Amino acid sequence: MKPKILACWIALGSALVAVAPLLAVQNGSSPAPAARPATQHGTPKQGQDAEAEGQRVFEQNCARCHNAPDGFSPRIAGTIVRHMRVRANLSRHEEEVLLHYFNP
Amino acid sequence: MRRSTFTLALIGAAVLALGISSLCPAQDAPLLSGGIGFVTNTTGGNTTYIPVAEPLATVPLGQHLLLESRASLLEFFSPDSSGYNHSHFVALTYLQGDVLASRHLTIVVGSYLLPFGTYNERLTPIWIGNFQDEPLMEPLGLMNGGAGLGGQLRGSLISHPRYSFDYAAWFSARSGNSQFQANRSSGLRGSFYFPDQRLEVGASYGRLLEGKRENFAGAHVWWATKDAGLRFRSEFARGQHAYGYWFEADSRPFASGNLESFAGRFEPVFRMQQTFRIDNAASDGLPSVNTQRADFGFDYNLPHNTRILTSYSRQFSAAGNTNIWETGIVHRFLFPAWKGRL
């Protein structure tokens, strides 16, 4: 492929990806916590920091690869987090706060 | 892997799940996950229809052990001179046991995905990948299969709020169905990640320890905006006979909370890739001639974990230029494998 043609393909693809957000209707709301289990318990006051940190860990690690699932049973939250710890090389601390985010 | 082995593994996993379910803490029930889909591929005017299922089972054992396995079941309906023919493919993608030995070390034993680059471990599940096809250069460093049989050490060596470093080192002695001699290989991967910038930079090395004793080296860079609304991924790999790269960008308006809008669920994706041959010893799975390919895709995220994938690709090579059209619908499932209490 000639360099000019190659540059054209790359420019076309980049433009496609870059323009997309402009087409979407911005409503300004924060991302829905879709990854959290369908059933949630009340959040203890002292656990709010850990929950916020768990959300940060999710956004910084899990969301880089895949979309958040719509919801799942809280009975498997620990299993999911352990799987993610191995697959994404999360630290023990990140595993703990992510579990707290899934099951506060 | 032969079907009998696959069946045996499934039965074993089910028995194990039944056996340990009563011992599991409330949040640690065994789970069944994976994806099912129906995809089509039209290359040069010929369309192949492919129903696919990729189940994944994960079973925790106590506080420090985890068993996990994924399988692929595909049926191909392809055109031939008499109309359409069909063939099927069943394989155990991996079956591994994970020992969480310490906060910095996880020991993996069994059949595992080789941690060379990022694509093989992170993006091969059908419910994750933006495109149906893997990059052309993907076979580089994956030792003719993508799965190793042996042991692996991995974990997070440094975990700081502003940076982290993770590693994986592996040794494999996989043997095929038709040969007794093991195909020994080893390798390692290390990655720095800067969470605030969403930037990851890493390198991989692999060595085939049999026959030609070929070396493979690779590097990867991933970057995303803070809300993951724009993601950039790239890899480069080089073997002794070929090298190549790919980079991919996708835009996800729904990451900013636009899941309720029609346009917000669209996910345009773009991938550019090139492979280059150093010599004609085409033993590494890459195209036999230099090849360039641009992929344009539009994915749509339906509710209930369902995605529609569409893409158009234009491939250029000395062997001929080709148009490739692909469509598909993929559903991800995720539920407890055993009724438990909470």
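This is a predicted model: local features need pLDDT of at least 70, side-chain atom pairs count only at pLDDT 80 or more; totals for chains, interfaces and linings use all residues.
## An exposed loop residue and an enclosed helix

B:Asp196 counts as exposed because it has 10 C-beta neighbours inside 10 Å. Residues are numbered from 1 along each chain as its sequence is written, while chains are lettered from A and ligands numbered from 1 in the order in which they are written.

**Chain B**

- Chain B has two helices and 16 strands. Both are DSSP runs numbered from the N terminus: helices are H or I with at least four residues, strands are E with at least two.
- Buried residues make up 42% of the 342 in chain B.
- Take contacts in chain B between residues at least 6 apart in sequence: 54% join residues at least 24 apart. A contact means C-beta atoms, placed from the backbone, within 7 Å.

**Around B:Asp196**

- B:Asp196 sits in the loop between strand 8 (183-194) and strand 9 (199-208) of chain B.
- Its C-alpha atom is 43 Å from that of B:Tyr49, 147 residues away along the chain.

**Helix 3 of chain A**

- Helix 3 (residues 77-87) is largely enclosed by the rest of the structure, because nine of its 11 residues are buried.
- Among those buried are A:Ala77, A:Ile80, A:Arg82 and A:Met84.
- The buried residues pack against helix 4 (92-102) of chain A and against strands of chain B, including strand 1 (31-43) and strand 5 (105-113).
- A:Asn89 follows helix 3 and has a positive phi, near 55°.

Methods
A residue is buried if 20 or more other C-beta atoms lie within 10 Å of its own, exposed if 12 or fewer, and partly exposed in between; C-beta atoms are placed from the backbone. Two residues are in contact if their C-beta atoms, placed from the backbone, lie within 7 Å.
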